[in-house]
Each structure stands twice: as C-alpha cells, then as structure tokens.
Amino acid sequence: MATGKNKDVNYIILDLEWNQCPYGKKREDPKLPFEIIEIGAVKLDASFREIGTFHETIRPVLYRRLHYMTRSVIHMTETDFEGKRTFPYVFADFLLWCGPCPVFCTWGPGDLTELQRNVRWHIDHGNLTGRWPFPFPFFYRDVQKIFSYAHEDGKKRRSLEWAVEYLMMDKTEEFHDAFSDARYTAKILQKLPPEDIRLYSSIDTYHTPEKRSEEILVRYNGYTKYISKAFEQREALMKDRVITSTRCLMCDQKIHRTIRWFSDNGRNYLCIAQCPEHGLFRSKIRVRQNAEGGWYVVKTTRKATLEDVEAVKKKQETLRHRRHVHRNS
Ligand SMILES: [Zn+2]
C-alpha cells in the first residue's frame, strides 16, 4: 500500500437506525424494506485518532409511522422527526463530511447494504442525482469480525455490548442509538491491533460482479476469496468451470480435486484439492442471491491439514448415509 495515499485515509465508523413498514411485510416496498432514520458516525485519521463526528436524525418519507419494533428499540416517536431533513439532504452532507478516501467500518455486515439500498431507492425516485457514490469492489472493515479474529476464534459474532464489556470499557451511553453505537464501535476499533484492521477487509456484496472481467479475487493471509458474477439460474453455478475450478494458494496453478464438490445443505459446497508441490487445499463455495435476485457464489480456499481432509470425508460419508436412509424409508 502506498504510504503517501495512506495518510489521506479516513476511517468512517458508521451506525444506522432504520424503520420498517408499520403495517407488515405485505404492504412494504420490496425495494426499501428498511428506511434509514438516523446516521451516526465517527471519523478517525490514519493513526486512529478521532477527528470528527456526524449525527443526524432523518425524517422518513416512505414509512412515516414507526414500526412498533423500531419504537421500542430506539426510544423515539413520530414527533422526534418533525422538522428534520430527509435522507437525500442528510446523505449529501454525510458524503462530503466523509472526505475523499473513506474506509467504512461497521459492527457486522448489514449497515452498508442498507445504506446503498436507500441511496438506490432515492436515485430511482429522482430525489438524488449524480454518480454512484461507492467504489467497486466495495471494501470495508467489519469491526465485529476483526474483534473476533483479535480476541476469539474469528468465527463467533458478538453483540456490541458484549465486546464493550469484554474490553472493560465504560458503559456511559445507551446502546441502540446510532451515534453512541458508532462511538462504541470506534473505541473498540482503536483497541484492535492495527495490523488486523489492515489485514481483515470485508467486501460488501450489494453490488456483485456483472461480468467475468469484474469478478473479484482477493488474497488474504492464509486464504483467498473469490466472488463470481451473478447468474439468472441457480443451476448454472455449479456447471460453471471458473466457479468450480480449484487453484493452489501458492503457485496459482489449477489443481486436481481429490474429493469432488459435494453439498451439505444445497447452499454450501466443499471440496479438497491437491497441488503436487504445495499440498492439500480445502475450498468452500457459498451460494448467495444478490439484490436483483441473481445467483452468485463466494468461494474461499485455504490450506488443509490431513485432519481437515478427514473431517471433509466424514461429512461426505454422513451425508451419503443419510441419503441412503432416506431412500429406504
Ligand atoms: Zn502449488
């Protein structure tokens, strides 16, 4: 990473609160199930020093009444939104405030997707103009995930409050307020190893690759992540040679699968492949659906031990056995 550019980086720790249709799912706009009603954010410089804050309540235009869940979580009523600005105005100011090189950081993966969905909805309704304001691929930092890598097994996902208690931080502010949650998240980020923050980037998949040349392959420390373009038919995924190909993490050669792709639940696929020079690798495919209903995969590949291979074999045998039992019952 170029150091000159790095100095301009701002970490934008973001938290949103949203409202949903108060009259139930049947009457919601499927293009905007969650309407943002509050943005809270803290800005840190490249050395993780706090250099600014942003906080604004947003008057909803689609769901003007609050859903009872929203009401109970955020402790606001309709009168709190009187005289407040609507999303397009607040978002324009927020973007300016973020600066030219924002690295967005959130607790968990949901907020940036909802932010983009709100931006898309307001563009489609003529309330927002200009070019799409987010990059592609959209890298961000999931502080919940980095916290797990730094303090737990990298897999567990804890609540913000849990992490605050774990790190023995003061609980001076309420949770579930966009600004105080952003503040807590920023304080947690400041306590995480900078190396982990640099290393563990996440990719937002609100926009998935549209064509082969846009497909994403990222090398992390010890594994690779590939995000395919989207297909109209789910069945096309596992017939696609690029999706099912397996490559060595070290030499990038196509390698032979010693345990062929098999599915445990129809959503995930596993395989083991072997490089004659660099040994065994375990690949996993997760099938996902994007905002437009297209099907794509996220494939991760990591080095495998003999125990990993045994575990995969065992899983496959258990599944075979289960299917066999089903056929005979
Ligand atoms: Zn190799």
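## A sheet built around S2

Strands S2 and S3 (residues 50-57) run antiparallel to each other and pair over 7 bridges; strands here are DSSP runs of E with at least two residues, and helices are runs of H or I with at least four, both numbered from the N terminus. Two strands count as paired if DSSP finds at least two bridges between them. For one of these pairings, look at Lys43, whose bridge partner in S3 is Gly52. S2 and S3 make a hairpin with 5 residues between them, and Phe48 in the turn has a positive phi of about 70 degrees.

S2 also pairs with S1, again in the antiparallel sense, over 9 bridges. Here Ile13 stands opposite Val42 in S2. Of the 10 residues of S2, 10 are buried, so the strand is largely enclosed by the rest of the structure. (Buried means 20 or more other C-beta atoms within 10 Å of the residue's own, exposed means 12 or fewer, and partly exposed is in between; C-beta atoms are placed from the backbone.)

## About the model

Please keep in mind that this is a predicted model, in which local features need pLDDT of at least 70 and side-chain atom pairs count only at pLDDT 80 or more, while totals for chains, interfaces and linings use all residues. Residues are numbered from 1 along each chain as its sequence is written.

## The nonpolar cores

The largest nonpolar core holds 38 residues, and those with the most contacts inside it include Ile13, Cys105 and Leu189. Such a core is a set of buried Ala, Val, Leu, Ile, Met, Phe, Trp, Tyr and Cys residues joined through C-beta atoms within 7 Å. Among the elements that each supply at least two of its residues are S1 (10-19), S2 (35-44), S4 (102-106) and H7 (178-191). H7 gives the largest share, 7 residues.

Which residues does Leu189 touch, leaving aside its neighbours within four places in sequence? They are Tyr11, Ile13, Phe48, Cys105, Val143 and Ile197, with contact meaning C-beta atoms, placed from the backbone, within 7 Å. Apart from this core lies another, of 14 residues, among them Ile255, Ile272, Phe281 and Val312.

## The chain as a whole

The chain has 10 helices and 12 strands, and its C-alpha trace spans about 65 × 50 × 40 Å along its principal axes.

Buried residues make up 27% of the 329 residues.

How values were computed:
Two residues are in contact if their C-beta atoms, placed from the backbone, lie within 7 Å.
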